[in-house]
Amino acid sequence: MIDSHCHLADEAFHGDLDAAIARARDAGVSAALCILAAGDEEEGRRAREVQSRWDAVRFATGVHPHAAGTFAGRVGDAANVARAHAAAFSACAIGEVGLDYHYDFAPRDVQREVFAGQIGLAAELDLPIIIHTREATDDTFAILKDHPGVRGVFHCFTGDPAMARRALDIDFHLSFAGIVTFPKAGDLRDAARIVPENRLLIETDSPYLAPVPHRGKRNEPAYVARVLAALAETRGVAAEALDAAVTANFGRLFAPSHA
């Protein structure tokens with residue numbers, strides 16, 4: 001299995017990083033994509049520790065919508081910061097980037113400008129993008145429409161079948177996290193059933209959103225096995241076959257030749 005989106009360099013893993021990596025390996029997780037916040041030097045230091053302990057970890061970086069406000073009036077600097085961080089960590093994707101209208105930690109107009117700039121950077125570097133979108137579906141798709149040809153994934157997808165179809169129509173992947181195991185996530189499981197096998201990814205988004213039966217605890221890459229099992233059950237397929245498919249999808253989307 002591959003955890004296609006985790007925050008293993010988060011301070012939440014500072015005390016037991018080696019143990020968390022060991023548990024992931026024991027669970028059958030062969031690799032992970034660690035998401036970094038562009039320009040965060042302390043997280044970058046921890047990312048080097050992750051890298052030294054697990055050589056199968058790869059990195060993505062970008063300016064999260066929560067941090068977009070830092071670049072108000074100087075949106076171009078957001079791309080420059082992400083470009084430098086991507087080079088430092090040989091990033092295989094730009095992300096997570098996007099829009100978050102739930103918390104509104106940054107002005108929405110600035111979020112949109114920074115998001116567009118991050119997509120432009122991804123196009124320049126020929127890298128996929130990893131999208132975070134919350135309560136901003138229409139604006140997210142409007143911006144993507146202005147950047148035809150960009151490829152990537154809607155991470156921690158939480159939408160319904162209609163939103164899934166919109167993402168599929170522009171050839172994006174959809175990544176499912178622990179929410180797919182939650183009892184009340186019926187619409188999400190309906191969406192998971194309609195996604196073609198070659199567009200699926202699995203993730204933990206750890207340390208957040210631990211799946212059942214670990215809900216409420218710190219999440220970690222080992223728990224991606226629960227996501228895989230729930231997704232396989234939802235789709236009525238064998239977990240082993242689905243694992244092979246999503247692993248192949250990860251390899252194609254984040255191919256080293258695009259780095």
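Visitor: Which residues does F157 touch, not counting residues up to four places away in sequence?
Guide: In this predicted model, F157 touches M163, A164, L174, S175, F176, L188 and A191, with residues up to four places away in sequence left out of the list.

Visitor: What is the largest nonpolar core like, and which residues have the most contacts inside it?
Guide: The largest nonpolar core has 75 residues. Those with the most contacts inside it are L8, I129, L144, F154, F157 and F176. Another core, of 13 residues, lies apart from it, and I130, V153, L253 and F254 are among its members.

Visitor: Let us turn to A9. Where does A9 lie?
Guide: A9 lies in the loop that runs between strand 1 (2-6) and helix 1.

Visitor: Is A9 buried or exposed?
Guide: A9 is buried, since its relative accessible area is 1%, and a residue counts as buried under 20%.

Visitor: And which residues does A9 touch?
Guide: Not counting residues up to four places away in sequence, A9 touches C34, L36, E43, R46, A47 and V50. As for D205, 196 residues apart from A9 along the chain, the C-alpha atoms of the two are separated by 12 Å.

Visitor: How do the axes of helix 1 and helix 2 cross?
Guide: The axes of helix 1 (residues 17-26) and helix 2 (residues 41-53) come within 11 Å and cross at roughly 45°. Helix 1 is therefore oblique to helix 2. The crossing is right-handed.

Visitor: Which residues meet there?
Guide: From helix 1, L17, D18, I21 and R25 meet E49, V50 and R53 of helix 2. By class, this contact has three nonpolar, no polar and four charged residues.

Methods:
Residues are numbered from 1 along each chain as its sequence is written. This is a predicted model: local features need pLDDT of at least 70, side-chain atom pairs count only at pLDDT 80 or more; totals for chains, interfaces and linings use all residues. Side-chain values use heavy atoms; hydrogens and water are left out. Axes are lines fitted to C-alpha atoms, for helices over the stretch in contact, and angles run from 0 to 180 degrees between N-to-C directions. Helices (H or I, at least four residues) and strands (E, at least two) are DSSP runs, numbered from the N terminus. Angles under 35 degrees count as roughly parallel, over 145 as roughly antiparallel, 65 to 115 as roughly perpendicular and the rest as oblique. A crossing is left-handed if the near helix is turned anticlockwise from the far one by less than a right angle, and right-handed if clockwise. Contact means heavy atoms within 4.5 Å. Ala, Val, Leu, Ile, Met, Phe, Trp, Tyr, Cys and Pro count as nonpolar, Asp, Glu, Lys and Arg as charged, and the others, Gly among them, as polar. A nonpolar core is a set of buried Ala, Val, Leu, Ile, Met, Phe, Trp, Tyr and Cys residues joined through side-chain atoms within 4.5 Å. Buried means under 20% relative accessible area, exposed over 50%, partly exposed in between (1.4 Å probe, protein chains only).
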